[in-house]
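Student: I have a structure to study and some questions about it. Can we work through them one by one?

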Amino acid sequence: MRRFAAVVFLLALVTAPAAAPRTGVSPTDLRAFLLRADEPVKADHTYAQMPAFTWNPVPGATIYQLQLADNGSFTDTSILYTNDKLQTPVASIQVQMPWMTGHPYALWVHVRAVVKGQPTLWSTPFGFNTSWQNVPAQEPAPTGLIRWTPVDGATSYQVWFTNIDRVFSTLTNVADEREFWTLHPKLGATVKWRVRAVRHTSASSLPTGVAISQYGPWSNVFTTLSDTTIKSGPLRGGTTISDVASNGPHALMPAFAWSGTDGLNPAAVGDQLWRVYVFSDQSCINLVMVGSITGEPAWAPRAGQALALPSDSLTLAQDEAGTILKPGSEGTTVMADLTPVTASENAGDSTSSATASTTSTTSSTSSSSSSSTSSSAATVGSIELPDTGWPTGRYWWTVVPVKIVDIPPTSSSSSSSSSSSSSTPTADSIEYHDAELPQDACAAGRVWSFGLRSAPVTAGALSQPYASGLVSSRLVASAGRSPNFVELPLVTWEPAIGAESYEIQLSRHLYPWVAAKSVTSVVTSAVLPLAKTDHGTWYYRVRGVNPNLPTGAQKMTWSSPVEISITGNLFSVVHG
């Protein structure tokens, strides 16, 4: 009998499952969402930003494990991201993905729970694609400019002038037509162009080696037709335009447009070149941006060089006949007081000759050497400006005519040229001089203001924050102004124009605000680091970070503070 009992016991040991994954208790209803965990899943499972993920809680689970892969088999070589320590049934995947479209899906997520130290089976995978959600569309713009609709998730744009085969980059949603108008304005009558969005990513490839393209699709070919006759008269009617067609506030750096041709005095009349100056004060003393020389009644900053203007009379004549200017140095350029000036687009370019310019007059040399402070101020190297604190704070700008100045060769160089080649004509040097001071133009009333306000993050709607997490043993989305969660809530927000990453701060008090905790995110979601022991009331706020802004001003406007409460293991009543 004892022998029989021993055999039965041994058979029981052999047939009992040992440390095998549990069946029937894997997480269910794994799904993606952008703002709220209870929102419907997108029908096409396609997202411009990495979505957040949620699933139904598993009773007794102490931790969850999630994997992201580029195929539904989840082989070792396909895994792109793993998180083995998720404490609540929500996940913010801090990975920027390339645009990937599969059949039906290119990316897959699955999750499992750990119950009593043992992992469950993996959930049913959730598949999705990543792609731009819109392509730039043409928008109305003043003469000399092209403009398009901003694209969600874009950090910059590439513009392609198809009828001259020129491609350049810009950080805003508007561009000028300088290549067509400058020195030969009639070419600006017909401009054909395309544009595509660019999204900066922190890595150039996935762990599997798949490259991450930063470009979206090109738009259709747009055609802009313009009357290239610029009516003479006083410079007037200054306006700014970007994502909004007004003087502000702009979320993106605006373009500048005007009408007329002439400045204040006879020396500033009849010119066909102009330069924009931007200041922080209405008197136009503190210079913050220098426009490049342009031949149309508009200018928009670019993430590249100004046009390479001709430096001698022979080249000038050739270019005026229709040569499309290439990017490069503007040559010898000075303000009306002979202070060398460099366009902000060229301020970091060592080939620019503005700060090393020499002229044939003694007064020029003395002026340049005696105004080093002014010279430095006229070499502002930013094509983006920080928030002005609209509506009280703002920038001020004006536009001045630029004269083409012919500098004949000196007698010694002329005789040397004649002896070496009597048949080759001697070219005069060409310089570009402002016809008046910006300060004088502003004092005469030719000054306009505009405002910049970095796009604030939207962290909720209809008095309900975009927050999701556990309440008791249920996963819920916020249902009120101050939602309660057990721990580690996941918060989301709408993307801010120009932001490449985000900062989240938490404070115990609304005022005075003291940042007790902070996290960063490269996507539009984050799990707040609030454990059960952090019970009580908290406030959080979110802001974008734009590295294209000047150093010290790259952090954008905070969202409105959002109140949440952490209950820990305290009992709470859930309605509905």
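Tutor: Start with the contacts of P217. Keep in mind that this is a predicted model. Leaving out residues up to four places away in sequence, P217 touches W132, V135, V195 and R196.

Student: Where does P217 lie?
Tutor: Look at the strands on either side. One is β15 (190-198) and the other is β16 (222-225). P217 lies in the loop between β15 and β16.

Student: Is P217 buried, partly exposed or exposed?
Tutor: Buried needs under 20% relative accessible area, and exposed needs over 50%. P217 has 40% relative accessibility, so P217 counts as partly exposed.

Student: How far apart in space are P217 and V135?
Tutor: In sequence, P217 and V135 are 82 residues apart. C-alpha to C-alpha, the distance is 6.9 Å.

Student: How many aromatic pairs does a search of the whole structure find?
Tutor: The search covers the whole structure. The count is 21. One of them is W148 with W193, at 6.1 Å centre to centre and 50° between the planes.

Student: Which ring does R199 lie over?
Tutor: R199 lies over the face of a ring, at 3.9 Å from the ring centre. A charged end also sits over a ring at K42, 5.4 Å from the centre of Y47. For R199, the ring belongs to W99.

Student: Which residue in β11 stands opposite E139?
Tutor: β10 and β11 pair in the antiparallel sense over 2 bridges. E139 stands opposite R147.

Student: Which backbone nitrogen does a side-chain oxygen of D312 reach at the start of helix α3?
Tutor: Helix α3 covers residues 313-320. Just after α3, G322 takes a positive phi of about 130°. At the start of the helix, the oxygen of D312 comes to within 3.1 Å of the backbone nitrogen of L314.

Notes. Residues numbered from 1 in each chain as written. Predicted model: local features only at pLDDT ≥ 70, side-chain atom pairs only at ≥ 80, totals over all residues. Heavy atoms only, no water. Helix = DSSP H or I, 4+ residues; strand = E, 2+ residues; numbered from the N terminus. Buried < 20%, exposed > 50% of the residue type's maximum accessible area, 1.4 Å probe, protein only. Contact = heavy atoms within 4.5 Å. Phe/Tyr/Trp six-rings, centres within 6.5 Å; stacked < 30°, edge-to-face > 60°. Lys NZ or Arg CZ within 6 Å of the ring centre and 35° of its normal. Polar contact = N/O pair within 3.5 Å; in protein donor to acceptor, adjacent residues only side chain to side chain. Pairing = 2+ DSSP bridges.
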